[in-house]
Amino acid sequence: MPKGSLNVSLKGADDIFSTEESRQEQQREQVQQREQVQQIPIGELFPFKNHPFKVLDDESMQRTVESVEQYGVLSPLIARPRPEGGYEIISGHRRQHAAQLAGLDTLPVIVRNMDDDAAVLLMVDSNLQRENILPSERAFAYKMKLEALKNQGARSDLTSTQLVSKLRSNEQLGAENNQSRETVRRFIRLTNLVPELLDMVDEKKIAFNPAVELSYLDESQQRDFLEAMNDTQNAPSLSQAQRLKRLAQEGHFSYDVAFAVMGEEKKDELDKVVIKNDTLRKYFPRSYTPKQMEDTIIKLLDQWQRKQQRQNER
């Protein structure tokens, strides 16, 4: 038998007698080798496309910066290569921003090859573990994750299969976050709000349930509502938002209708006086906020009251 043939036979025998366990161990070692922590220049790291979580320069960020300055970045980021060069951050946006503020040149990164759906799932899951998540962040995160789950499990050729997949994805997403499918759906509804209204939900100027009802208004109607809300200086109650939604569905919505609804007396506001924003604006600089306008009016009223008291004492 030729010498070369003997070598081929021996290699085949080794492969036959290698156990499944040893092959799996080799695969694990290969993955670990590929996922070793690398020091990546900070300029080569880019945020995840449409990243729904806000990176704020708040007190929490300042504490993170101080920690990074003292100890460095202890937990590596996870990123994937970008076709156009550099790396897209999947997990670790806040650490990357803190490192920038701390003046670091490189960051510890685990580079992992992932498709879009797998990357979305990991990005969302790694951020949903945070304690404080804004409604807008949760809304867009749920929407992105639901689409990724649907892509992983749905067939594009059967509408009924897609529907079943969507329902199951809703249930899975809710179960993973200790929320019902309906709660997940209502959070996703918030993504239909114009940015100004969604910011008000984050700032707790509009409650969650009324905001969900307002999400059924189209963009033009939402902007009319926003103007009416500013003019009346009223936040919508749930019943008001539900009525506005119904009026919009019936084709009866307008700014005047929204102003009338938002200007209605509420049980806790029976003594409230409503002055339209346009009426007040002509007396104040354009730069004045509603709070500054209110403070000025109260100050002037105090002066008027003292003047009236002095006249009555004469």
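How many Å should the 13 residues of helix α3 span at 1.5 Å a residue? They should span 18 Å, and the end C-alpha atoms of α3 are 18 Å apart, which agrees. The expected span is 1.5 Å times one less than the number of residues in the helix.

The views show a predicted model, in which local features need pLDDT of at least 70 and side-chain atom pairs count only at pLDDT 80 or more, while totals for chains, interfaces and linings use all residues. Residues are numbered from 1 along each chain as its sequence is written, and side-chain values use heavy atoms, with hydrogens and water left out.

**View 1. Helix α3 (residues 59–71).** Helices are DSSP runs of H or I with at least four residues, numbered from the N terminus. Met 61, Thr 64, Val 65 and Val 68 are the buried residues of α3 (under 20% relative accessible area, 1.4 Å probe, protein chains only). Down the axis of α3 they fall within an arc of 100 degrees, so they line one face of the helix; the arc is that of directions from the helix axis to the C-beta atoms. On the other side, Glu 59, Arg 63, Gln 70 and Tyr 71 are exposed (over 50%). Gly 72, with a positive phi near 85 degrees, follows α3.

**View 2. Packing of α3 against α4 (93–102).** The buried residues of α3 pack against α4, with contact meaning heavy atoms within 4.5 Å. His 97 lies in α4 and counts as buried at 18% relative accessibility. Not counting residues up to four places away in sequence, His 97 touches Val 55, Asp 57 and Met 61.

Key. Helix = DSSP H or I, 4+ residues; strand = E, 2+ residues; numbered from the N terminus.
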